[in-house]
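Please walk through the model below in order, starting with a pair of strands and ending with the charged pairs.

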Amino acid sequence: MSIVLGAALEYQSLKSADPRVLNDVPDALSRPVRWVHSSEVLDIAPLLSGGELLLSGGQALAGVTAERQANYVRELAARGIAALALETGPALPEVPAIMLEVAEAAGLPVIELRQVVPFVGVMQEINSLLVSESVEHLQHADQASHAMAAELAHGGGLDQLLAVLSERTGASARLVSPSGLTLGAAGGISGMDDGGSVTVVDVPVRGVLAARLELVMPDGGDGGLARVAGERSVDILGLALMQRMPPGLKELAGIELMRAINSGSQRWQLQQLGPASGFPTDGAVAAVVIRSTGAGHLRPAVDALLRECVPHSASYAGNAELIALAALGDGAATRRSLLDALRRLEVPAGSAVAVGPLGVGIDDAPWSLAEARRALGLDPGTGGVVDADTLAVELLAQESLDPAAREGFVQRQLGAVLEHDRLKKSELLRTLTVWLDSGCNTAQAARGLHLERQSMHHRLQRIFDLCGGDPRGTGRLGALHLATKVARL
């Protein structure tokens, strides 16, 4: 039994909350719910996998700025959750308008829960049904993958493997190359455009997107089974594709080089794998990390971008992360060009991109990759490209100062500003940060904050009053700037 959002709202445990859909999202009540989860953590989005009905009491949201509320919704929508259900009451009398506006633009249904209900009861009732369905799907999917493995062992081709999958799931199946060429099909190609639920699963080979599996379940069929069976069949289809396109030695060396860099292998391994893959061992390098649900889809575009920007490169795509190493030639100048090109790259919503710091040779590649990942942890992505060099102070503080020392330093320098923001729901810390990052250029900071210059001056005067005066021309300026950077940790 599949559970859609409309049906989930009719279960007694959730119906008792008097739920009401607040925004107009097409086919919202037909969205499949894969799990029910509750959390008051505002940074929950990276821990979700999509399809969740997220329940929240709203206490944390009530105490943050409108900008943070909007970003919370954007992050959840980018993860592809089924819906957000917010309990209104004393802490959150109503769902903020900015959240509804952003959610509707992003296609995320928002549900108001007008009565208090125990979230654990909601999760127990609905998730128990979903678990039973999931176990049944996994059993059928494993049977299908085992039958496909047996067919492959007896010399079956792609059409035969897809026929087994189609027979076991009841779905029409087609394997398509990234360029759109049909590699194999079963269950009737002509019927694949006649309606029904469509499931698309990436099929990588050695970290490269080699094909996409399309499964079309007729109306009334079990779309959940098609999804699970398609995901379980990826390895078998990948093996079949490998038989059709065996790798060359240089390609294998490039894959092994990126795996070695990813695992932080010893210097001698990188020195051996570099020349074998055609990658220079000397000269400036920088790592690139792209986290995205479409990492495999992005690799061809990223490889083309790297070929245009740098003299040598190598890349590798996992399930949700694409990593690359770029030889920078002219060093810092080439790295700036690479950053500019990545900022123009079209990536799926919710993707996060980071470029690591400049390394002096291939031996520094694991360090550059690690710093790029750490930079993403500090700035997980709002659609831009994170430059690890601009976060050097934060990364150093995170590595060298324990949390208590960082917190104490920030409180001594900015305690009054933080307390003002907490009590007045103001944004003085953000204002000070932007002003300091601009080199104390008031006009530039005002533009960055979308403020009138007079409003900017008023904010700065309030900050100066709280911090003991205008810091310009004093030794306190550097300490305040450092504190704003450490505060984000």
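**From the sheet to the salt bridges**

S2 and S3 run parallel to each other, joined by four bridges; strands (E, at least two residues) and helices (H or I, at least four residues) are DSSP runs numbered from the N terminus, and two strands pair if DSSP finds at least two bridges between them. Across this pairing, histidine 37 stands opposite leucine 54 in S3. The model is predicted, so local features need pLDDT of at least 70 and side-chain atom pairs count only at pLDDT 80 or more, while totals for chains, interfaces and linings use all residues. Residues are numbered from 1 along each chain as its sequence is written, and side-chain values use heavy atoms, with hydrogens and water left out.

S2 and S3 belong to an open sheet of five strands in the order S1-S5-S4-S3-S2, with mixed pairing. Its edges are strand S1 (19–21) and strand S2 (35–38), each of which pairs on one side only. On average, neighbouring strands of the sheet are turned by 25° against each other, direction ignored; the axes behind such angles are lines fitted to C-alpha atoms, for helices over the stretch in contact, and angles run from 0 to 180 degrees between N-to-C directions.

Next comes helix H4. With 14 residues (66–79) at 1.5 Å a residue, H4 should span 20 Å, and its end C-alpha atoms are 20 Å apart, which agrees; the expected span is 1.5 Å times one less than the number of residues. Arg68, Gln69, Ala70, Tyr72, Val73 and Leu76 of H4 are buried, where buried means under 20% relative accessible area, exposed over 50%, and partly exposed in between (1.4 Å probe, protein chains only). The cover over these buried residues includes strand S3 (52–56), helix H3 (59–62), S4 and H5. Just after H4, glycine 80 has a positive phi of about 80°.

Threonine 88 sits in the loop between strand S4 (83–87) and helix H5 (97–106). It counts as buried because its relative accessibility is 12%. Beyond its neighbours within four places in sequence, threonine 88 is in contact (heavy atoms within 4.5 Å) with Pro93, Glu94, Val95, Glu112, Leu113 and Arg114. Its side chain also makes a polar contact of 2.9 Å with the side chain of glutamate 112. A polar contact is a pair of N or O atoms within 3.5 Å; within protein, one must be able to donate a hydrogen and the other to accept it, and residues adjacent in sequence count only if both atoms are side-chain atoms.

Glutamate 112 is buried too, at 9% relative accessibility. It forms a salt bridge with arginine 20, with the closest N and O atoms 2.6 Å apart; a salt bridge is a side-chain nitrogen of Lys or Arg within 4 Å of a carboxyl oxygen of Asp or Glu. Because arginine 20 lies in strand S1 and glutamate 112 in strand S5 (residues 110–113), the pair ties together parts that are 92 residues apart in sequence. Arginine 20 is partly exposed at 38%.

The structure holds 22 salt bridges. Asp43, Arg68 and Glu75 are linked in a network of them. In another, arginine 343 pairs with aspartate 340, the closest N and O atoms being 3.2 Å apart. These two are three residues apart in helix H13 (residues 332–344), so about one helical turn separates them.
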